[in-house]
Amino acid sequence: HNCYTQMEIRDYHMDGRIDRHMPVGDYVHSDEIMRTRHMAATKIQARARCHLVRNASHRRREERVRLKWEEQDEKERLERAELERRINPKISADFAILREELAQWHASEVDRINEADHSPAIRRAFLADLLSKEVLIIRAIEKRQARTARSEGKRTERELGQLAKPLKWRVRGGLGTGAGQGFVDVRTPEIDQAYRLNKVYFNLVRDPTNRKDRVDVLYQAMDEVEMADFGPAREVADLIDREMDLISRHREKKSMTGLRIRLQNLFLQLIKTPLF
C-alpha cells in the first residue's frame, strides 16, 4: 500500500520501474457534474419521448387506414346487398322495394312525357307504351314472388319435418338387418310436440273450406299456445281470439287475409323458439 503513497526520501530507496504518471485534469465542481448528468438525462428522455410519439403516430395512421378500408368494405357490402335484393328478392320487404321503385319510375316517365312537346296522339301512344311496360314488369315481379313463396314454403316444410323426425337408435337382437343389429324409431315428448305444432301450422297455412274447419284449427292452435306465458305465445293467442271474433261476425275471408298471414308467421316463429 505504501508503494503507491510513499514519497521519495534520502534514506529510503524506491523502485520506480512500475510507476505510472497520472496527469492531473481540470477540477470539476459537483454542480457541473450534476448539470452534465441532467443534460444527458434530458436528452435521453427527449429521444425516448420522440420514439413513443412516432410509434403512437404510426399506430394512429394505421388505425385510420384500417377504419377507412373497413368503411369502404362495409359500403361495398351494403351496395352489393342492395343490388342482390333487387336482382334476387327473397322476402316481402324486397318485393315492396321493387314495387316502390317501379312506382317512382312510372311517375318520372309520366312527367317526362307530359313535359315534352308532343301532340295529344303521340303523348297517348307514349303513355300506352309505358303502361304496357309497367304491366310486364308487374307480372314478372308477381311471378318471381310466387316462385319465391313456393320455395320458402318447401324450405319451411323441410325444417319443420326435421324437427318432428323421430330419433334413430341402434339396437341388438335381430330387429334389423346385418348381424343381428338394427334401428328403431324413438319419439320423445319434444318430438311429439314438434309433430303436433307442425300439423297445426300447415293447417293454418291451408286455405279453409268452411268456417267450422277454420275454427277447429284455431282451437288446436290455442291449445298449443295457451300454456306458454311469454311474448310471442301471448301475441299468437291474441291473434287467434281476434280471428275467432271476426269469424263469429261472419266477416268476409278477404278482410281477414292480413290477419291470417300474420298469425301464420308468428306461429312459425313460435315453433322455432327454443323457449317454446
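These legends describe close-up views of a predicted model.

**View 1. Confidence along the chain.**
The protein averages a pLDDT of 81. A score of at least 70 is reached by 92% of the residues. Helix α2, residues 30-87, has the highest confidence, at a mean of 92. Helix α1, residues 2-5, has the lowest, at 52. Over residues 176-180 the pLDDT is below 50. Beyond near neighbours in sequence, this stretch makes six contacts in the model. Where pLDDT is low, the predicted coordinates should not be read in detail.

**View 2. Ile33 in helix α2.**
Ile33 lies in helix α2. Its relative accessible area is 36%. Buried requires under 20% and exposed over 50%, so Ile33 counts as partly exposed. Arg10 is 23 residues away from Ile33 along the chain. The C-alpha atoms of this pair are separated by 41 Å.

**View 3. Asp94 in helix α3.**
Helix α3 holds Asp94. The relative accessibility of Asp94 is 6%, so the residue counts as buried. Its side chain makes a polar contact with the side chain of Arg85, at 2.5 Å. Not counting residues up to four places away in sequence, Asp94 touches Arg85 and Pro89.

**View 4. Leu102 in helix α3.**
Leu102 is found in helix α3, which covers residues 92-115. At 10% relative accessibility, Leu102 is under the 20% cut-off and therefore counts as buried. Its contacts, leaving aside neighbours within four places in sequence, are Glu134, Ile137, Ile138 and Ile141. Gln220 is 118 residues away from Leu102 along the chain. Their C-alpha atoms are separated by 42 Å.

Helix α6 has 15 residues, 211-225. At 1.5 Å a residue, the helix should span 21 Å. The end C-alpha atoms are 21 Å apart, which agrees. The buried residues of α6 are Arg214, Val217, Leu218, Ala221, Met222, Glu224 and Val225. Seen down the helix axis, they fall within an arc of 155°, so they line one face of α6. These buried residues pack against α5 (189-205), α7 (231-248) and α8 (257-271).

Buried in α7 are Ala233, Val236, Ala237, Leu239, Ile240, Glu243, Met244, Leu246 and Ile247. They pack against α6 and α8. His250 follows α7 and has a positive phi, near 60°.

**View 5. The largest nonpolar core.**
The largest nonpolar core contains 26 residues. Those with the most contacts inside this core are Leu204, Leu218, Val225, Val236, Ile240, Leu263 and Phe267. Two or more residues each come from α5, α6, α7 and α8. Helix α7 gives the most, with eight residues.

**View 6. Ile240 and its contacts.**
Ile240 is one of the buried residues of α7. It is also among the residues with the most contacts inside the largest nonpolar core. Leaving aside neighbours within four places in sequence, Ile240 is in contact with Leu218, Ala221, Met222, Val225 and Leu263.

How values were computed: Residues numbered from 1 in each chain as written. Predicted model: local features only at pLDDT ≥ 70, side-chain atom pairs only at ≥ 80, totals over all residues. Heavy atoms only, no water. Helix = DSSP H or I, 4+ residues; strand = E, 2+ residues; numbered from the N terminus. Expected span 1.5 Å × (residues − 1). Buried < 20%, exposed > 50% of the residue type's maximum accessible area, 1.4 Å probe, protein only. Arc of directions from axis to C-beta. Contact = heavy atoms within 4.5 Å. pLDDT = per-residue confidence, 0-100. Core = buried A, V, L, I, M, F, W, Y, C linked by side-chain atoms within 4.5 Å. Polar contact = N/O pair within 3.5 Å; in protein donor to acceptor, adjacent residues only side chain to side chain.
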